[in-house]
Amino acid sequence: MSLAINYIANSLLILCLVTSIIQSRFLFRIQNYNLLSISQLSAIQFLSILVSFVILIFLFITSDFNFDLVYFHSHSEKPFIYKLSGVWGNHEGSMLLWILILVLFNFLFSLSKSSSQKFKEITVAVQSLMIFGFVLFLLMLSNPFNINNENFNDGLGLNPILQDPLLAIHPPILYIGYVGFSLIFSLSITGLLTSEVDKKWATIAKPWVFAAWSFLTAGIALGSYWAYYELGWGGYWFWDPVENASLMPWLSATALIHCVVVLQRKNTMQSWTMVLAILTFSLSLAGTFLVRSGVLNSVHTFASDPGRGLFILIFLFIILSSSFLLFALKSEKIDKPSSHNISSRNTGIMVNNWLLISILIVVFLGTMYPLATDLLYNQSLTVGPQYYAMSITPIIILFLFFMILSPQLSWGESKLLKILNEMRYILISCLTITFLTTLYYDLFNLTEILIIFLSLILIISSLSSGLNFKSTKVIVKSNFGQSMAHAGFGIFMLAVVSNAVYSQEKIYDAKVGSKLQLDEYIFDFKNIEQEEKVNFNSIKAYLSLSKSGKDLGEFTPEIRFYSDPPTITSETSIIHQFFSDVYVVMNVPQNQESISLRLHIKPFMNILWLGVVMIILGGIITVILNRNNYRENEIN
Amino acid sequence: MTDTVKKRLIKFLVSLIIFGIAILIIVYNLRDNIVYFYSPSEIIENNQTGSQIVRLGGLVESESVMSDGDSIFHFKITDGQEQISVKYQGILPNLFAEEKGVVVEGIYMNDGRFIANKVLAKHDENYMPPEVIKSLKETGKWQE
């Protein structure tokens, strides 16, 4: 039975491999094959991978330990959802998921009607060449369907820290983002090959870029939220190399979405857009390589194998060198001379592009410097989070300034004084609010005050530009996605700064029955209990929270002892209030009498996540509104 | 100079200045915020005492962990050759255990004690910080 499944799954992978070769024929100007259309072939690629993925899911759900992958990463007693997420909680399975999304994008694009036949042929060909590379990698170096001849009774399980509902969906969402940029990359290569990087190109690429960007943002946000409540350190971003690996493509992608808009409107910044498209996908690939290879050590690193790292490195090298060679040959042809005024929206967007790239360089240097010193001088070191905070803060202030200014500028020429005049009410009200907050909360740090002031203006000016207030009703304008995302970023920055300033934490050695205090909150330590669950045992503490006599709820922080594999995890307990989160973590008891508890007050966390959600929604809304506009244009 | 050339020149200069300043800030900050990693032997050899925050890694020596309440812990970190006494107030990570790898961050005092403000949490019972593996290999204490 297992042998038959192995045979079927491998045949499907080979089918996809062969179809991808046929699909990439347009790159080599071989066109004498017309048996099936592009979209039919793309459907074959998609279905063959989909079916093999479903087979893998089936193997995990039925706990078929004849398969190595299931044996090493699953366990019969694991809850259903974690058997499912176990499919991509390992190297081979996550590679198959990666490929599934790759063929999905290829299939969806082959169905789209926005581009000419020739353009579509070449794009699908480039995409299929990549599919070929990855399927080959899967078959040769990380086949998920390898079988063993032992009769194992049970599997070795999955890292319990990964047994979390959020982490079950975090990788697929993040991957859709990463892999989405493969299509943008293919579109760019096609644009360069045909020397057609213009308004038309931007119109074709726009929905895909925004969709991929939205998923990437959501994927990073989910990872960050998971770290916030699962790792129990009270923070939401640690400048961990793996987090940085996902932030770098995001920064470059954020620059890219703005360039695509400029390209669509003004038919300018062609070569810069191409550079960003290639850079974003390369960083996505490098992110995968860094995370998977074990170069970076973290919870994300699966069992590493130098051969796999080398393959992705070679793949990355081929993609980078060939695409930049192509770019060097073609960039002269795609750049159209343009004349635009210095005080136009292009300039603002361009400046913020530089600033985003500056942040990217900061993150890149901070991530790579320890690797470099280790290799060159055999000296281990870490770059502290202070480095990022200090380097990025001044850039963010400039960034916020231009984020406020650019949307006020027209695409043609604008007078700065006129804009200042138009914004006078917003400026005055924000200045007043900032002044009052500063007085009320005793803020003295100029940087913090400045960021709060700029964020407030950004929120109000963005929202007022996306909505049209007419006496009784509110009209949503076509740039609503943009205004939503920009306002979301303002809210996010406001929350980040306030959170950094007003977070509090305290550690107690507490006995049952004692009352603990942090700020105005009283924690009543009521009880401690032991429990036995399906796949772990736990020690749970019960505390109730109150503030000035008012009961606010109950905490149940927990320590879990998993058996397969033996691991201890802490479950944090959080009470969410509108303006602040109260957060309790407990320690593994060292003695019978007392227990260490760490209490946190994390202000504005809800607002921070609200900002992030608005940024993601902004991207999605842009895709939807864009689609509607596209339909309208077609009809007219 | 024609108008377009002038504009290009302005653009070029502005971008040069912005990038120049950015890179300067970055490099300056990077140099200030590096945390070096040492093994017990290295920290004694280099005599890294003072106010600078460093990381120290090795194995938690067996039967060295003591607690005197209020979440204050004392333990020794060894690389097989030298050992350093560490004092730490806070919550120990779940995977902190005797004879297991550990990395602490803090200040190495003149009297030879290490005051840690962080004990780094790791996620897996088999996980050993790469720096610790390296320093154990150097002292010949590493066992596969």
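Two strands count as paired when DSSP finds at least two bridges between them, and helices (H or I, at least four residues) and strands (E, at least two) are DSSP runs numbered from the N terminus. With that in hand, look at strand 12 of chain A, where D581(A) is the bridge partner of H576(A). What you have here is a predicted model, so local features need pLDDT of at least 70 and side-chain atom pairs count only at pLDDT 80 or more, while totals for chains, interfaces and linings use all residues. Residues are numbered from 1 along each chain as its sequence is written, and chains are lettered from A and ligands numbered from 1 in the order in which they are written.

**Where the chains meet**

- Chain A puts 37 residues into the contact and chain B puts in 30; two residues are in contact if their C-beta atoms, placed from the backbone, lie within 7 Å.
- On the chain B side, helix 1 (3-32), strand 1 (34-38) and helix 3 (130-138) each supply at least two of the residues that touch chain A.
- Helix 1 of chain B gives the most to that side, with 10 residues.
- Sorted by type, the side of chain B that touches chain A has 14 nonpolar, 10 polar and 6 charged residues. Here Ala, Val, Leu, Ile, Met, Phe, Trp, Tyr, Cys and Pro count as nonpolar, Asp, Glu, Lys and Arg as charged, and the others, Gly among them, as polar.

**Chain B on its own**

- Chain B has 3 helices and 7 strands, in the order α-β-α-β-β-β-β-β-β-α along the sequence.
- Of its 144 residues, 33% count as buried. Buried means 20 or more other C-beta atoms within 10 Å of the residue's own, exposed means 12 or fewer, and partly exposed is in between, with C-beta atoms placed from the backbone.
- Take the contacts in chain B with a separation of 6 or more: 53% of them are between residues 24 or more positions apart.

**Helix 12 of chain A**

- Helix 12 (residues 345-377) of chain A has 33 residues and reaches 46 Å from first C-alpha to last, close to the 48 Å expected at 1.5 Å a residue. That expected span is 1.5 Å times one less than the number of residues.
- Look for a kink of about 35° at M368(A), shortly before the proline P370(A); the bend at a residue is the angle between axes fitted to the seven residues ending there and the seven starting there.
- T367(A) is in helix 12 as well, and it counts as buried because it has 21 C-beta neighbours inside 10 Å.
- Setting aside neighbours within four places in sequence, T367(A) is in contact with P241(A) and N244(A).
- T367(A) and S498(A) are 131 residues apart in sequence, and their C-alpha atoms are 26 Å apart in space.
- After helix 12 of chain A comes N378(A), with a positive phi near 55°.

**Helix 2 of chain A and S63(A)**

- S63(A) follows helix 2, in the loop between helix 2 and helix 3 (68-73) of chain A.
- S63(A) isn't a glycine, yet its phi is positive, at about 50°.
- With 19 other C-beta atoms within 10 Å, S63(A) is partly exposed.

**Domains and strands of chain A**

- The domain assignment gives chain A domain 1 (1-163) and domain 2 (504-605); such bounds come from an automatic or database domain assignment.
- The C-alpha centres of these two domains lie 43 Å apart.
- Strand 7 of chain A runs antiparallel to strand 9 (residues 558-562), with 5 bridges joining them, and I539(A) stands opposite I559(A).
- Strand 9 of chain A also pairs with strand 10 (residues 567-571), antiparallel over 5 bridges, with F561(A) opposite I568(A).
- Strand 11 (residues 573-576) and strand 12 (residues 580-586) of chain A pair antiparallel over 4 bridges, forming a hairpin with 3 residues between them.
- S548(A) is in the loop between strand 7 (536-547) and strand 8 (550-555) of chain A. S548(A) is another residue other than glycine with a positive phi, near 40°, and counts as exposed because 7 other C-beta atoms lie within 10 Å.
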